[in-house]
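Visitor: I am new to this structure, and I would like to be taken through a few of its features step by step.

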Amino acid sequence: MNSEERNTWVALISSLIVNAWFYRQIWIMFHNGTSLAPDGLQIWARTVIWVIPVSIIVTIVLTILASMLYAVVTGERAAAFMKDERDRQFQLWGLGVTMIVCVAGFLAAMTSLALGTSGFVAFTLIYFGFSLGDLAGNLLKLALYRNR
């Protein structure tokens with residue numbers, strides 16, 4: 001397993017952890033009525049603002065731990081973080097899938113607003129599109145690494 005594939009696994013795991021927490025918060029906001037409160041969008045935005053640095057920190061910590069664990073298990077020294085043409089191609093394909101899914105999420109949000117849903121729902125759909133796009137892009141990269 002090269003460093004790019006390992007980092008893709010780490011990105012996938014950290015994304016799942018952070019997004020699970022975020023969607024739990026949103027679920028709570030829907031059930032306790034916060035999403036309908038006058039400051040519901042502000043609370044939603046504060047939650048997203050916290051998700052960004054937490055996601056970065058979780059990814060950094062998991063990347064370091066994964067590198068250390070990989071070195072201990074395999075007995076290999078830390079490999080140089082080199083990208084070859086295959087890694088760049090996989091990165092571009094993953095990015096393409098991510099962008100397609102993100103755009104679909106944005107269009108779903110705009111459609112929901114046009115049909116009369118709240119801004120809270122629309123922003124949640126945009127976030128969902130972004131997180132689903134990240135998941136789809138990382139899964140495609142992992143599939144490409146496994147099949148090539």
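Guide: In this predicted model, ring pairs join Phe 22, Tyr 23, Trp 44, Phe 123, Tyr 127 and Phe 128 into a cluster.

Visitor: Which kind of pair do the rings of Tyr 23 and Phe 128 form?

Guide: Tyr 23 belongs to helix H1 and Phe 128 to helix H4, so that the pair links distant parts of the chain, 105 residues apart. The ring centres lie 6.0 Å apart and the planes stand at 70°, and planes over 60 degrees apart count as edge-to-face. The pair of Tyr 23 and Phe 128 is therefore edge-to-face.

Visitor: Is Ser 35 buried or exposed?

Guide: Ser 35 is found in the loop between helix H1 (3–32) and helix H2 (40–74), and, leaving aside residues up to four places away in sequence, Ser 35 touches Met 29, Phe 30, Gly 40 and Phe 120. The relative accessible area of Ser 35 is 9%, and the cut-off for this class is under 20%, so Ser 35 counts as buried.

Visitor: How are helices H3 and H4 oriented to each other, roughly parallel or roughly antiparallel?

Guide: The axes of helix H3 (residues 85–114) and helix H4 (residues 119–147) come within 7 Å and cross at roughly 160°. Since angles over 145 degrees count as roughly antiparallel, H3 is, relative to H4, roughly antiparallel.

Visitor: How many nonpolar residues does the contact of H3 with H4 have?

Guide: H3 passes H4 in a right-handed crossing. Sorted by class, their contact has nine polar and four charged residues, while the nonpolar residues number 19.

Methods
Residues numbered from 1 in each chain as written. Predicted model: local features only at pLDDT ≥ 70, side-chain atom pairs only at ≥ 80, totals over all residues. Heavy atoms only, no water. Axes fitted to C-alpha atoms, helices over the stretch in contact; angles between N-to-C directions. Helix = DSSP H or I, 4+ residues; strand = E, 2+ residues; numbered from the N terminus. Parallel < 35°, antiparallel > 145°, perpendicular 65-115°, else oblique. Left-handed = near helix turned anticlockwise from the far one by under 90°. Nonpolar A, V, L, I, M, F, W, Y, C, P; charged D, E, K, R; others polar. Buried < 20%, exposed > 50% of the residue type's maximum accessible area, 1.4 Å probe, protein only. Contact = heavy atoms within 4.5 Å. Phe/Tyr/Trp six-rings, centres within 6.5 Å; stacked < 30°, edge-to-face > 60°.
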